[in-house]
Amino acid sequence: VYGSRIWKTEKDGVTLAESVRENALARITRVKTMNLMAARYNVTLDRSELSKTGKAAAEYYDSLSPHERSVLGVTSENVRGMYNEYALADKVYSYIIKDINPEVSDDEARTITVSQILIRTYSTAARGKRTEFNTAEKQAAKKKCEDILAKIRSGADFDEMARKYNEDAENTLSFGKGQVEQKFEDAAFNLGTDEISGVVETADGYRIIKCITAFDKQQTEANKKNIVSKKRQEVFSSEYDSFAKPLTRSLNEKLWDRTELVNDSKVTVSDFFDIYRKYFPQDS
């Protein structure tokens with residue numbers, strides 16, 4: 001839709017190009033900080049790892065055309081230097097989270113699937129501004145939800161009622177503990193398969209919940225990985241923040257101010273990190 005003008009498109013007063021620049025700077029800062037952390041933990045790259053970064057750098061550099069090398073301003077030496085820094089940062093991360101127990105119980109990771117009917121207690125303006133209902137409007141919403149529940153209790157099909165009355169974007173949801181509002185979670189996890197809740201008051205409105213399955217094995221196994229990943233990230237973030245807080249950042253402002261995002265159709269290379277992950281696969 002926008003073509004090359006996409007980079008000048010603004011959101012909240014910031015262009016996409018400016019956003020990319022700031023994200024790049026944040027990433028550079030993080031990698032540099034993690035390389036400083038490596039000295040604290042006596043973490044270094046061994047010969048095998050240095051050999052891999054060398055091979056990765058050669059593969060990436062050789063894939064560049066002369067024009068791409070010129071525009072990107074890269075040499076084989078600084079490509080290898082970047083790969084060394086990323087590899088060392090990854091090794092520091094692995095060192096910090098090494099004691100995290102990767103075993104997660106079925107109960108901790110249990111994922112359920114439910115159908116729902118939501119009657120909202122707020123309205124949304126054209127620009128997405130949310131306005132809460134007043135007391136009378138909320139009472140009316142609750143009464144509507146209670147009437148729907150009465151129909152279901154009298155034999156009306158839940159799915160049909162959901163298609164007709166649900167004001168949420170989704171009729172069916174799968175989630176684990178800690179992934180939805182507490183009141184919603186408590187009500188849903190207390191249901192057995194095919195059981196239907198009463199009217200549950202949540203932040204978005206009044207809900208009726210039907211449990212489709214009280215234990216979704218496939219989703220539970222996937223959630224175990226998410227839980228381990230979250231635990232690792234929490235441990236690492238705590239250690240990183242503690243280390244980074246007293247540091248003083250020294251940035252070459254003049255150089256950074258001259259750095260710009262170049263839209264050059266002759267620069268097509270995009271596999272810097274693909275090649276890196278070929279030699280240093282992401283820890284699952």
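This is a predicted model: local features need pLDDT of at least 70, side-chain atom pairs count only at pLDDT 80 or more; totals for chains, interfaces and linings use all residues.

Is cysteine 145 buried or exposed?

Reply: Cysteine 145 is buried, because its relative accessible area is 0%, and buried means under 20%. Cysteine 145 takes part in no disulfide. The nearest cysteine sulfur belongs to cysteine 211 and is 18 Å away.

Four strands make up an open sheet, and their order is β6-β3-β8-β7. The pairing is antiparallel. Two strands sit at the edges: β6, residues 172-176, and β7, residues 200-202. Each of these edge strands pairs on one side only. On average, neighbouring strands of this sheet are turned by 50 degrees against each other, with direction ignored.

Look at β8 next. Strand β8 covers residues 205-213. Seven of the nine residues of β8 are buried, so the strand is largely enclosed by the rest of the structure. On one side, β8 pairs with β7 over three bridges, in the antiparallel sense. A hairpin links β7 to β8 through two residues. You can follow this pairing residue by residue. Threonine 202 stands opposite glycine 205 in β8. Valine 200 has arginine 207 of β8 as its bridge partner.

Then go to β3. Eight bridges join β3 to β8, and the two run antiparallel. Here isoleucine 119 stands opposite tyrosine 206 in β8. Keep isoleucine 119 in mind, as we return to it below.

In a regular strand, side chains alternate between the two faces of the sheet. So what lies against this sheet? Helix α7, residues 158-165, packs on the sheet and touches β3 (111-120) and β8. The direction of α7 makes about 45 degrees with that of β3. Helix α8, residues 182-189, lies across β3, β6, β7 and β8. Helix α8 runs at about 95 degrees to β6.

Next, the cores. Nonpolar side chains tend to be buried together in soluble globular proteins. The largest nonpolar core here has 31 residues. Met37, Tyr60, Val79, Tyr83 and Ile96 touch the most other members. Five helices each supply at least two residues of this core: α1 (16-41), α2 (47-63), α4 (76-96), α9 (217-244) and α11 (272-279). The largest share, eight residues, comes from α4. Take methionine 37 as an example. Leaving aside neighbours within four places in sequence, methionine 37 is in contact with Val92, Ile96, Glu239, Tyr240 and Phe243.

Terms used: Residues are numbered from 1 along each chain as its sequence is written. Side-chain values use heavy atoms; hydrogens and water are left out. A disulfide is a pair of cysteine sulfur atoms within 2.5 Å. Buried means under 20% relative accessible area, exposed over 50%, partly exposed in between (1.4 Å probe, protein chains only). Two strands pair if DSSP finds at least two bridges between them. Axes are lines fitted to C-alpha atoms, for helices over the stretch in contact, and angles run from 0 to 180 degrees between N-to-C directions. Contact means heavy atoms within 4.5 Å. A nonpolar core is a set of buried Ala, Val, Leu, Ile, Met, Phe, Trp, Tyr and Cys residues joined through side-chain atoms within 4.5 Å.
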